[in-house]
Each structure stands twice: as structure tokens, then as C-alpha cells.
Amino acid sequence: MPTPPPPAELVDLRSDTVTRPTPGMRQAMADAEVGDDVYGEDPSVNALEERVAALFGHEAALFVPSGTMGNQIGMRLVCEPGQEVLCDADAHVVTYEMGAAAAIFGISTRTVVSDGGRLDADQLIAQVRPKTDWHLTGTAAIAVENTHNRGGGLVQPLEELRKLRDWTRDAGVAVHLDGARIWNAHVASGVDLATYGGLADTASVCFSKGLGTPVGSVLVSSAERIAAARLWRKRLGGGMRQVGVLAAACSYALDHNLGRLAEDHEHAQLLAKRLGVDPASVQTNIVILDGVNAPVVAEGAKAQGVLVSQVSPRRIRLVTNLGVDRNAAERAADVLAALV
Ligand SMILES: Cc1ncc(COP(=O)(O)O)c(C=O)c1O
């Protein structure tokens, strides 16, 4: 039985993960050629991995079930147990991934408070501890999030990413990119995916956010690292079989849903303007409403068919997505404007 669509009048702005596969995507999934991917025999997965590796200018790629698995394996590839990964205090990898780096891999994480998630290369570089000093927990890697989720969809400045890459390359420190929404950064900034890929040693990119698939992330890196990643994925129970049905959805998303992220960004601008948020603070598909009575706004909006996320008692998050067209964005703006 197909899943019933949400009521036509419901506008779901809680996240860009709430989208449902469109009829075209479902058809692509139904038509997918499949094989056993643990044997490396799924043609749809192999094609997706090759395509994504090439897009980001890396040698190889691995299809994984989630962004969390992509991030955690990615960090493990560049950090040994007992070493540390340095990152922003609001990074997804330390906020929402259940302490996985420590719980699973024995990796220590150390955080730096940034200005709203914005990457400041010098600030991170100043915190790096040498791996060769036996008094110190050595910093093996720095994790960067682009766009930054808790930073309201902020696109990381290219010059900071470049500065970090140049310094870390010379210092023998790796960079991991949490690129769950790198597609939004690419569409908003016009910076090539290969340029972003070239600024990281390992990168995890998601298809189940703005690109609208039900499942799926891809980890890119060198061929040698991806061979090791394949073992880690299997150990973690992420080895999947005839999973081409999911990879086909991702390939479909690259063909059909990447360019349209610009619409999500326009709808976020519309919401910002209508709700008194500085449009310049909204770079992609996330709008943060600060200083509001979050439970009252969320409940009031829900009663009128508009779903939003409460990030804290005074903060609401709106995320435009594939399931929210112009009319729905206008309607959400009408409802929320009366509440905030
Ligand atoms: C920035 C960021 N990284 C990683 C993830 C993890 O993705 P998943 O939910 O597929 O594990 C998310 C999920 O929302 C995210 O926003």
C-alpha cells in the first residue's frame, strides 16, 4: 500500500529530511538494476559511487545508509583511537551523533565556540596539538560543516576553507567535511563541488536532505581510504544488499533535484522578509526565528497546518524543502507572521 500523502494543506518546515520521494523518483527506484552490493555487484550503487567521487574530484566513494555513518567513518579514516578531532562546538558531529566518535571509535573530540558556526581557520589552527608530543592528545583532523545546520544554513567562506586546507596540508592534519548540505552551499555560492571536495581529505554528502531521497549518503576520499571505509561500514552493519533501489533514487536526485534547491533558497528568503528576519542572514534553506516564544508559535502554527522545529524555548527553525512550493511558503508566512 502506498504511503498516503500528507494532507494537502500541511506545510512541513521542520526539516528538509521530511520530504517523500516523488513519483519520478519512485519510478527510478522501481526500474533500478540491482545486485548484491556487499559483493560489489550492484550496478546502480557502483554508478552512483563513481559519479559522486568524480563530482567531488576524489578517487573513490562509498554508499552508506546515513550522514551519521558517513561522518563517523570519514573521521575514523583520518583519526586513530586516542587522537582527537577538532570542530565547532555546534557541529552536527558532536551535537547530534550520540557521541559516536568516542563510543564507537575511541576518538576524542575537542570543540571551539565559533561565531554562529562560521569557520574561522586561524581560530581552529591555534588549537591544533601536535601528534608527536607525548604529553598531548594529538589533533589528527579538523571537521568542517558546510552548510552549517545549527548556524542556520550558513555557507562557509571559501577563503577560510582554503586557508585551513593550506595550513593542514603542510601540518599533516586532515580535514573532514560534513557536507550533508554541501549541495545547498554549491547552489548558493556557485562554488564547484570539486572545489569543495578538493578542500577535504574525506567528505560525507547526504541525499536525504534537500535532494529529497528517502535514504542515503556517500563518503568520498582516496581509493585506499575508501577500501578501509568498506570494512568499517560492514563492521557497523551498514553493508547492504540489493540497495540499488536506493542508489537509483540518489542518481535521480542529482539529475532532477539539485538545480531546484535555488527554489528552496528563494522560499527561505520569502519567509525571512515576511517574518522580520534579516534576509542577508539567510544564505540557503534555513530560517532561524530568535527571541520568540517557541512553544506558543509552534503550537499555534501546527493548529493551522504549519509545522516548525523548536530548537530551544526561544528559537524556531524553518527549513524549506522539496515538499514546500511557493504557495505553501506564502501560506506559512501568513500563518507565522500573525504569531511572531
Ligand atoms: C549537518 C548534518 N550532518 C549530518 C547529518 C546526519 O545525517 P543522518 O540523519 O542521515 O544521519 C545531518 C542530519 O540532519 C546534518 O544536518
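How much space lies in the second largest pocket? About 340 Å³ lies there, in a model that is predicted.

**View 1. The second largest pocket and its lining.** The volume of the second largest pocket is about 340 Å³. Its lining is made up of 22 residues, of which H92, Y96, N149, R181 and R317 are the closest to the centre. Two or more lining residues come from each of α3, β11 (309-312) and β12 (315-319). The most is given by α3, with 3 residues. By residue class, the lining holds 5 nonpolar, 9 polar and 8 charged residues.

**View 2. The ligand in the second largest pocket.** The ligand takes up the space of the second largest pocket. Around the ligand are S66, G67, T68, N71, H92, E97, E145, N149, D178, A180, R181 and K209. Helix α3 (residues 67-78) supplies the largest share of this shell, 3 residues. The shell residues comprise 1 nonpolar, 6 polar and 5 charged.

**View 3. Polar side-chain atoms at the ligand.** In the side chain of T68, an N or O atom is 2.6 Å from an oxygen atom of the ligand. For N149, a polar side-chain atom lies 2.9 Å from an oxygen atom of the ligand. The side chain of D178 has an N or O atom 2.7 Å from a nitrogen atom of the ligand. On its own the ligand has 390 Å² of accessible area, and the protein covers 84% of that area.

Terms used:
Residues are numbered from 1 along each chain as its sequence is written. This is a predicted model: local features need pLDDT of at least 70, side-chain atom pairs count only at pLDDT 80 or more; totals for chains, interfaces and linings use all residues. Side-chain values use heavy atoms; hydrogens and water are left out. A residue is near a molecule or strand if one of its heavy atoms lies within 4 Å of it. A polar contact is a pair of N or O atoms within 3.5 Å; within protein, one must be able to donate a hydrogen and the other to accept it, and residues adjacent in sequence count only if both atoms are side-chain atoms. Accessible areas come from the Shrake-Rupley method with a 1.4 Å probe; for residues, only the protein chains shown count as cover. On a 1 Å grid over the protein atoms alone, a cavity is a set of points where a 1.4 Å probe fits but cannot get out, and a pocket is an open set with protein on both sides within 12 Å along at least five of seven lines; lining residues have an atom within 4 Å of a point. A molecule sits in a cavity or pocket if more than half of its atoms lie within 2 Å of its grid points. Helices (H or I, at least four residues) and strands (E, at least two) are DSSP runs, numbered from the N terminus. Ala, Val, Leu, Ile, Met, Phe, Trp, Tyr, Cys and Pro count as nonpolar, Asp, Glu, Lys and Arg as charged, and the others, Gly among them, as polar. Grid points are joined across faces, edges and corners, and a volume is the space filled by probe spheres set on the points.
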